[in-house]
Amino acid sequence: MPKDLIKGFREFRRTNFKQQRGLFRTLAWAGQKPKAALITCCDSRVDPTLIFASQPGDLFVVRNVANLVPPYTPNKDYHGTSAALEFAVRELGVQLLVVMGHSQCGGVAALPKDRSDQNSDFVDHWMSIAEPALAALRADLPAGTDPDLSELERAVVRLSLNNLRSFPWIAEAEKAGKLRLCGMLFDVAGAELHVLDNATGQFQPVSPPRPRFHSILSATTTAAVSDRPEDGAAPT
């Protein structure tokens, strides 16, 4: 097996598992009860458990190319994302559904491009789910102009949220107040998170964490002590 994976596994056993042995044992016997499901991209630069500092069992994560949700289409085809959503909502009873896009998404970036010379068995057809988002943005631009990538990434998140509501058991749970839907976009370079404001339809940045009170107090105390005259020294 790949040496890096084995090395990483051994480090996990030495640190995380050792520290959380009880949690893993509880999850194994009691089962999972995540409060939230997250639909995000399979891009290796985006790690939801790292971004949200979550623990095992906290998030039910669904990953695919470009964090897309297809429209509700119950038929005999294979529907990996739809099946995962059904399990999360109807079986696990999650209370929050999040669609999280990210900056510099390769799938979204390829959407406006001519890929007729590319060999694609699945990706191009999958990305066609996002074509309505591209068409809506192009409608407001001069002919032959493609939208900014960041705007298209946000539009894809909005589209996936709208498609989520085409699933009757999601729409019903949201209407009953048992399920919340949320859109997010993660900026990889700056580790910034933007959350969709449902009232305005715009993404708003999440404020960075403020310094903790004890850190401020410690710094203030240290400064006060360092400024205090030494014993026997005349005050200035």
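Guide: Let's start with aspartate 43, which counts as buried, with a relative accessibility of 15% (buried is under 20% relative accessible area, exposed over 50%, partly exposed in between, using a 1.4 Å probe and protein chains only). Keep in mind that this is a predicted model, where local features need pLDDT of at least 70, side-chain atom pairs count only at pLDDT 80 or more, and totals for chains, interfaces and linings use all residues. Residues are numbered from 1 along each chain as its sequence is written, and side-chain values use heavy atoms, leaving out hydrogens and water.

Now for the partner: aspartate 43 meets the side chain of arginine 45 in a salt bridge, 2.7 Å from N to O (that is, a side-chain nitrogen of Lys or Arg within 4 Å of a carboxyl oxygen of Asp or Glu). While aspartate 43 is buried, arginine 45 is partly exposed, at 42% relative accessible area.

The structure holds six of these bridges, and another one links glutamate 86 to arginine 90, with their closest N and O atoms 3.0 Å apart.

One more to find: arginine 138 pairs with aspartate 146, and their closest N and O atoms are 2.8 Å apart. Here arginine 138 comes out partly exposed at 34% relative accessibility, and aspartate 146 is also partly exposed, with 40%.
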